[in-house]
Amino acid sequence: MKEFLSAKFKAIFFLIFLAFLWEVVSRNRLISPLYFPPMSKNLVVFYHLMVDGTLPLELVRSFGRIFGGFFLAIGVMVPFGIAMGLFKPIYNLFEPVTELVRPLPPPAIIPIMMLFLGIGEAMKIIVIFFSCSFPILINTMDGVRSVEPTLVDTARTFGRNRYEIILQVILPASLHQIFTGWRIALPIALIVDIVSEMVGALNGVGRFILVMQRSFNIPEMYAGIFLVALVGYALNALLRFLNATLIGWHKAKFEAVV
Amino acid sequence: MKVIKRLVYDTPLSGGLLLLVFIILWEVLPRYGIVYARYFPPFSTVIGALFEGIRSTEILRQAAISISRAFRGYFLAILIGVTLGTLTGTIRWLSDLLEVTVELLRPMPSVALVPIAILLFGTSDSYNISIITFGCTWPIFVNTYEGTKSIDTQWIDTARVYGASRLDLLRKVVIPAALPYIVSGLRISLGTSIIIVTVTEMLASYKGLGFFIMETYNAYQIPQMYAGIITIGIVGYGLNRLFLAGEDRFMAWHKGWTAKFI
């Protein structure tokens with residue numbers, strides 16, 4: 001424990017050291033303070049923008065899009081993935097189409113969506129939905145397929161029908177793999193949201209960062225970037241926590257069985 | 001009846017038919033004005049624009065520029081990622097020192113750094129390359145780190161007993177054992193590099209496929225825009241296929257090798 005604490009302390013100290021280095025280098029004009037304003041200035045601006053509600057408001061707008069597209073993708077692609085994973089005819093029917101669309105980088109469809117939907121919420125939600133769809137679909141499909149046949153056979157022996165088997169056996173047993181898809185998709189949603197806001201939007205964190213750069217409000221730009229970094233970190237931590245709790249019971253339950 | 005059932009269950013025939021249906025719809029719906037043809041031109045028009053772009057070498061040139069940028073950023077990322085991953089994986093105090101910084105930077109969406117890179121590099125290739133390198137380094141770095149951590153200490157001890165030096169250990173034990181992990185990081189990053197090059201070109205560049213689709217979008221040359229998007233898809237798909245082929249060829253030793261030992 002003591003060793004762990006001192007390691008953590010060293011690591012945080014290193015981060016502070018980097019910030020300090022930035023401050024000194026910028027103050028002494030070793031790098032252009034125009035492009036890299038002193039860290040203290042950036043942090044003060046960040047604090048003010050957070051307190052006066054500017055950044056939180058932009059963040060709420062971005063979150064609406066991110067989670068809108070993300071949950072839409074879960075709602076559509078999890079049932080679809082289960083169907084494709086369990087029923088061979090459905091898999092055969094949709095596999096070629098998904099294989100052809102999958103390699104498209106999600107941001108490349110932004111212009112198409114802008115043509116049809118303008119630069120409003122719908123465009124971003126659809127683009128985020130698209131970018132989250134494939135990780136969720138593929139992991140759900142794989143998860144459903146990799147369920148131990150013994151589990152299914154056992155349930156069948158006990159007289160469970162098809163729907164009971166799907167709901168009571170296959171879904172719980174493949175939940176951790178399905179969750180893996182969500183875990184991959186959420187950071188992608190964040191990235192694609194920022195891209196789509198930078199390409200075409202009226203508000204949102206991505207838009208904020210780009211506008212501040214273009215109007216040369218560099219400390220404000222860094223404040224936006226810090227916020228994005230913190231959001232990325234927080235989402236990652238949340239996912240790791242959820243994963244630990246999910247995988248925790250999963251391991252205990254299924255390793256005992258198999 | 002039985003034949004139909006077998007076709008449905010065992011062959012991708014139905015999927016091929018569905019694909020054909022989609023293509024026919026893509027052709028017919030705009031032609032009859034059911035979807036707005038200016039925004040969604042018929043399939044044949046888009047393919048025509050694609051071939052025209054290839055014939056005039058316009059699309060090929062833009063693709064070459066994008067691929068070149070993606071590769072330069074990607075190789076820089078390999079260099080940084082593998083080096084850092086090996087160092088932090090083998091030197092304890094270094095990984096302790098960098099942990100928090102890495103955990104803070106890694107989940108950061110690379111595109112958020114676009115404005116900084118524009119300030120620093122303008123719209124030169126260095127702008128695209130720096131963002132690509134930032135985005136591609138993490139998967140390689142993390143996989144290399146995990147790979148060096150996964151090594152059985154017995155292998156290291158055995159090599160040491162046979163008198164291996166530190167460099168020998170690295171060259172003959174650590175790197176080969178971590179290679180399968182590194183390769184999977186490389187594959188993830190290859191896809192990432194194509195995505196990021198597209199994004200950075202869409203946001204601020206005067207060349208490349210990402211620029212091409214935004215330019216044609218703004219100029220309202222919609223068939224050309226679709227042709228550009230299709231080209232990006234083909235490039236991404238082709239590079240991934242090439243990588244998988246290379247992996248089969250050069251990593252084939254790994255399957256038999258680990259199977260023998262474990």
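## The interface between chains A and B

In this predicted model, the contact between the two chains draws 46 residues from chain B and 43 residues from chain A. On the side of chain B that touches chain A, at least two residues each come from α1 (2-10), α2 (13-31), α5 (92-105), α6 (114-121), α9, α10 (209-218) and α11 of chain B. Of these elements, α5(B) gives the most to that side, with eight residues. By class, the residues that chain B turns towards chain A comprise 34 nonpolar, nine polar and three charged.

## Helices α9 and α11 of chain B

Two of the helices that supply residues to the side touching chain A, α9 and α11 of chain B, also pack against each other: the axes of α9(B), residues 166-203, and α11(B), residues 222-250, come within 10 Å and cross at roughly 165 degrees. Because angles over 145 degrees count as roughly antiparallel, α9(B) is roughly antiparallel to α11(B). The crossing of α9(B) and α11(B) is right-handed.

From α9(B), the contact is made by B:Val183, B:Arg187, B:Leu190, B:Gly191, B:Ile194 and B:Thr198, and from α11(B) by B:Ile232, B:Val235, B:Gly236, B:Leu239, B:Asn240, B:Phe243 and B:Glu247. Seven nonpolar, four polar and two charged residues make up this contact of α9(B) with α11(B).

## A kinked helix in chain A

Helix α8 of chain A, residues 162-199, has 38 residues, yet its end C-alpha atoms are only 47 Å apart, short of the 56 Å that a straight helix would reach at 1.5 Å a residue. In α8(A) there is also a kink of about 55 degrees, centred on A:Leu175.

## Packing around α3 of chain A

Helix α3 of chain A, residues 54-86, packs with α8(A) at an angle of about 140 degrees, the two axes lying 9 Å apart. That angle makes α3(A) oblique to α8(A), and the crossing of the two helices is right-handed. On the α3(A) side the contact is made by A:Ser62, A:Arg65, A:Ile66, A:Gly69, A:Phe70, A:Ala73, A:Ile74 and A:Val78, while on the α8(A) side it is made by A:Ile178, A:Trp182, A:Ala185, A:Leu186, A:Ala189, A:Leu190, A:Asp193 and A:Glu197. The residues of the contact of α3(A) with α8(A) comprise 11 nonpolar, two polar and three charged.

Helix α3(A) packs with a further helix, α6 of chain A (residues 121-145), at an angle of about 35 degrees and with the axes 6 Å apart. The crossing of α3(A) and α6(A) is right-handed, and the residues of their contact divide into 19 nonpolar, six polar and four charged.

Conventions:
Residues numbered from 1 in each chain as written. Chains lettered and ligands numbered in written order. Predicted model: local features only at pLDDT ≥ 70, side-chain atom pairs only at ≥ 80, totals over all residues. Axes fitted to C-alpha atoms, helices over the stretch in contact; angles between N-to-C directions. Helix = DSSP H or I, 4+ residues; strand = E, 2+ residues; numbered from the N terminus. Parallel < 35°, antiparallel > 145°, perpendicular 65-115°, else oblique. Left-handed = near helix turned anticlockwise from the far one by under 90°. Contact = placed C-beta atoms within 7 Å. Nonpolar A, V, L, I, M, F, W, Y, C, P; charged D, E, K, R; others polar. Expected span 1.5 Å × (residues − 1). Bend = angle between axes of the 7 residues up to and from the residue.
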